[in-house]
Amino acid sequence: MPLVTQNEILPAFQAVPWVVFFPLLGLILNLLFGKRFSEKFAGAVASLATLASFGVALTLFFALQSHPEGASIPFLTWIQVGDFVVNWAFRVDTLSVTMMLVVSGVGLLIHIYAAGYMHEDVRHNGDPGRYRRFFVYFNLFIAMMMILVSADNYLMLFVGWEGVGLCSYLLIGFWFEKGKDGIANAQAAKKAFVVNRVGDFGLLIALFLMYQHFGTLEFARVFEQAPALAAATPGVLLAMTLFMLLGVTGKSAQIPLYVWLPDAMAGPTPVSALIHAATMVTAGVYLVVRSTPLYSLVPEAQTVVTWVGALTALFAATIAIAQFDIKRVLAYSTISQLGFMVAAAGMGAGVAAMFHLTTHAFFKALLFLAAGSVILGVEAGHARAHAHADEHGHDDFDPQDMRNMGGLKDRMPLTFWVYLIGALALSGIAPLSGFFSKDEILHAAEQNHPAIFWILLITAFLTAFYMGRQLVMVFSGTVRTRAAGAARENGAIITLPLVGLAILSVLGGLLNFPGSWGLEHWLEHTLEGIKPSEFAPLTALISVLVALGGLGLAYAIYAVTNPLSDAKQPDPLTRLGVLWRGMANKWKVDELYHALFVRPYEALARFLATPVDQGVIDGISGGLAWLSVRAGEGLRVFQNGFLRSYALLIVLGVTAILSYLIWVR
C-alpha cells in the first residue's frame with residue numbers, strides 16, 4: 001500500500017525522530033553528569049530515556065490507527081554525490097512501529113532490571129565505577145536499534161545494523177579483563193565482532209548490487225523496480241537476496257555464522273536479555289520480512305532461507321540439550337528459535353515470523369532475566385556459605401553451572417514461577433504466547449514444506465526437553481551445593497520486571513489470537529499479499545502433545561529415574577555415548593572453524609608480522625637509515641671549517657660546469 005503524501009502526514013508522525021533522540025539524550029546526560037551523581041541517577045536517566053522512546057512508539061501506534069498506510073518522514077539530506085542521493089528519512093508503518101514497540105517496551109523493563117542487577121554486578125566484579133558506562137552503552141544500543149527499524153532505506157538501516165554490532169561488542173566485553181586467563185571475555189567480544197563482519201560483508205555486497213541495478217537504496221523505489229529486474233535478470237536478484245541472507249546469518253546467528261552467540265553470554269545478564277535474545281538478534285528476521293517483495297520474486301532464495309532457518313533450529317536445539325551453563329542453554333535456545341523465525345520468513349509467512357519474534361522477545365527476555373536472578377541468588381548464597389565452608393573453593397565456583405543449583409523452588413519462589421511461565425511459553429504449551437506463535441509457523445510449514453514441518457516439530461520436542469531438563473536441574477530435587485542452599489529471593493527492582501514480562505508471556509498470544517488475527521490485520525497494511533491465517537486444531541494438538549512429551553521425558557529422566565543429588569554426578573544422558581559427547585562438545589564446530597579459518601589466518605598474520613614486517617619492511621627502512629648515516633659520515637670530511645677548502649671546492653665546481661658546457665654543447 002502506498003505511503004501518504006507529504007501534505008497528508010499526520011503531526012504525530014513528525015515525532016518519529018525522537019525514538020532515536022531520546023536514548024541519545026539519555027546517554028549524553030550520563031556522559032556529562034553521571035559522575036557527579038549517584039548510581040540511581042544513571043539508571044533513572046537511561047530508563048526514562050527508554051520510557052520516552054516507548055511513549056513516542058505508542059504515539060505512532062495510535063496515529064497509525066487512522067492512517068495505517070504509514071508515511072516516510074524526511075529528516076535531512078544525508079549523502080548527495082552526483083546522482084547518488086540518500087536521505088535520512090524515517091519510515092512509519094505498521095511493521096516498523098511493531099519493532100519500535102518491542103525494542104523500547106522490552107528494553108524499558110530490562111533497563112529497570114539492569115539498574116538493580118548492575119548495582120550488584122559491579123561490586124561483585126570489583127569496579128563500581130563502570131555502572132554509569134553500562135547505561136551509556138545500553139542507551140546507545142536502543143538508539144542504534146531504533147535507527148535500524150525506523151530506516152526508510154537500506155543504507156540508513158545499515159548504519160543501525162553496524163551500530164548495534166558495535167554496542168554488542170562493547171557490552172559482551174564489558175568485563176573485558178575477566179574470564180579464563182583474564183582474556184576470555186575480550187576474546188568473546190572480538191569473536192562476535194569478527195564473525196558479524198563476515199555477515200556484514202554479504203549485506204554490503206547486496207547493497208552494492210542493489211544500487212548498481214536500481215540506482216537507489218530506498219525501500220519503496222527498490223520494491224517498485226524489483227519485478228522488472230526479476231523478469232530480465234533473475235540471477236542478479238537471486239545473488240542480491242542470498243548475499244543479504246549472509247548478513248542475516250551473522251546478525252541473527254544462523255548456520256554457518258551462529259558461533260558467536262553462545263560466547264556472547266560473557267556479557268552481563270541484562271545484555272544477554274536485551275541484545276542477544278529480544279532485539280538485536282532479530283534484526284536479520286526483520287530484514288528478511290522487510291525485504292519480502294524481493295524474496296517473493298525468487299523462490300530459490302526463499303527455499304534457501306527456509307532450510308537455513310529450519311536446520312539451524314534443529315542443530316542448535318541438539319546442542320542445548322547437553323549444556324550445563326544456565327545462560328548457554330538459553331543462548332542455544334535463542335539460536336534455535338531464531339531459526340523458527342527465519343524459516344517462517346523464508347516460507348513467506350511474514351506475520352508468523354513477526355508474531356514469534358514478538359512473543360519470543362517476551363518469554364526469552366523473561367528467561368534470561370530470571371536466570372540472572374538465579375545467578376544473583378546463588379552468588380549471594382555462595383558469599384554467605386563461603387564464610388564457613390565451600391565445596392569448590394571461592395575462586396572456582398561457577399554460579400551459572402546448573403549442577404551447582406537444585407532445590408531453588410522453595411528458596412526463590414517468585415523467580416521459579418516466572419521461570420516456569422517462560423519455559424512453558426518457550427515449549428509451546430497452551431494457552432501461553434509461545435503456543436500460538438509457534439503453531440502458526442508449524443501450520444505454515446505443514447502447508448508449504450512437509451519436510452520443514454517435521455524438522456521443526458522434532459525441534460519443538462527437543463525445545464521442551466531441554467527446558468524441562470533445565471527446570472528440574474535448577475529448581476527441583478535436592479540442594480546440591482551450600483551456595484544453592486543459602487540462596488534467597490532478590491529485591492523488587494529485580495523481580496518486578498520479571499512479573500511484567502511474565503504477564504506479557506501469558507497474554508502475548510492475544511496479539512494474533514485465532515479469529516481476531518489482530519497482528520495479521522495490522523501488518524497487512526505493510527506486507528502485501530499476506531495469505532489469510534487459519535487455526536489448525538490438529539496441528540495445534542500435535543504440537544502441544546509433542547511439547548508435553550518433551551517436558552515429561554525430561555522430568556522422568558532427571559527427577560524420577562535419575563535424580564541429581566550431587567554436583568559431581570554425571571548427567572544421565574552420558575549413556576548416549578558418542579551422541580552425548582557430540583552435543584556436549586557443540587559438534588566440534590568451533591574447533592573446525594578454528595582449524596579451517598582461525599589457525600591459517602593466525603599463521604598468515606605471524607608470517608606477515610615477523611618475516612615480512614619486521615624482516616623485510618623494517619629492513620628496508622632500517623637500510624635507508626643506515627645509508628643516510630653512512631652518506632652523512634662520508635660528506636662530513638668536506639665540512640672541515642677551512643676557507644681554503646671551500647674555495648677549492650667552488651673552483652672545482654665551476655670548472656666542472658664550464659667543461660660540461662664546452663664539451664657537451
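**Notes on the predicted model**

1. Helix 6 (residues 184–214) packs against helix 7 (residues 219–232) at an angle of about 80°, and their axes lie 11 Å apart. Since an angle from 65 to 115 degrees counts as roughly perpendicular, helix 6 is roughly perpendicular to helix 7. By class, the residues in this contact are five nonpolar and two polar, with no charged residues. On the side of helix 6 they are Met 210, His 213 and Phe 214, which meet Val 222, Gln 225, Ala 226 and Leu 229 of helix 7. Please keep in mind here, as in every point below, that this is a predicted model.

2. Helix 6 also holds Gly 199, a residue that is buried, with a relative accessible area of 0%. Apart from its neighbours within four places in sequence, Gly 199 is in contact with Leu 246, Gly 247 and Leu 257.

3. Which residues does Thr 249 touch, once its neighbours within four places in sequence are left aside? They are Gln 254, Ile 255, Pro 256, Leu 257, Tyr 258 and Val 308. Thr 249 itself belongs to helix 8 (residues 234–251), and with a relative accessible area of 3% it counts as buried, because the cut-off for that class is under 20%.

4. Pro 256 is placed in the loop between helix 8 and helix 9 (260–263). A cis peptide bond also joins Ala 430 and Pro 431, where omega is about 0°, and Pro 431 is found in the loop between helix 16 (413–427) and helix 17. I would ask that both bonds be mentioned in the description of the model.

5. Helix 17 (residues 433–448) has 16 residues and, at 1.5 Å a residue, should span 22 Å, so the 23 Å between its end C-alpha atoms agrees with that expectation. This helix is mostly covered, as 13 of its 16 residues are buried.

6. The axes of helix 3 (residues 94–124) and helix 11 (residues 283–290) come within 11 Å and cross at roughly 170°. An angle over 145 degrees counts as roughly antiparallel, and helix 3 and helix 11 are therefore roughly antiparallel to each other. Their contact is formed by Leu 95, Ser 96 and Met 99 of helix 3 together with Tyr 286, Val 289 and Arg 290 of helix 11. These residues divide into four nonpolar, one polar and one charged.

7. Trp 517 has a positive phi of about 50° although it is not a glycine, and it lies in the loop between helix 20 (492–507) and helix 21 (518–523). Is Trp 517 buried or exposed? At 11% relative accessibility, Trp 517 counts as buried. For Lys 586 phi is near 60°, again a positive value in a residue other than glycine, and this lysine sits in the loop between helix 23 and helix 24 (589–635).

8. Helix 23 (residues 578–584) contains Gly 582, which is buried, with a relative accessible area of 14%. Between Gly 582 and Ser 645 there are 86 Å in space, C-alpha to C-alpha, for 63 residues in sequence. The protein is divided into domain 1 (338–386 + 397–570), domain 2 (573–610) and domain 3 (625–664), and the centres of domain 1 and domain 3, taken over C-alpha atoms, are separated by 88 Å.

9. For the overall description, the protein has 25 helices and two strands, and its C-alpha trace spans about 110 × 70 × 55 Å along the principal axes. Of its 665 residues, 54% count as buried. Among contacts between residues at least 6 apart in sequence, 79% join residues at least 24 apart.

Note on methods: Residues are numbered from 1 along each chain as its sequence is written. This is a predicted model: local features need pLDDT of at least 70, side-chain atom pairs count only at pLDDT 80 or more; totals for chains, interfaces and linings use all residues. Side-chain values use heavy atoms; hydrogens and water are left out. Helices (H or I, at least four residues) and strands (E, at least two) are DSSP runs, numbered from the N terminus. Buried means under 20% relative accessible area, exposed over 50%, partly exposed in between (1.4 Å probe, protein chains only). Domain bounds come from an automatic or database domain assignment. Contact means heavy atoms within 4.5 Å. Axes are lines fitted to C-alpha atoms, for helices over the stretch in contact, and angles run from 0 to 180 degrees between N-to-C directions. Angles under 35 degrees count as roughly parallel, over 145 as roughly antiparallel, 65 to 115 as roughly perpendicular and the rest as oblique. Ala, Val, Leu, Ile, Met, Phe, Trp, Tyr, Cys and Pro count as nonpolar, Asp, Glu, Lys and Arg as charged, and the others, Gly among them, as polar. The expected span of a helix is 1.5 Å times one less than its number of residues.
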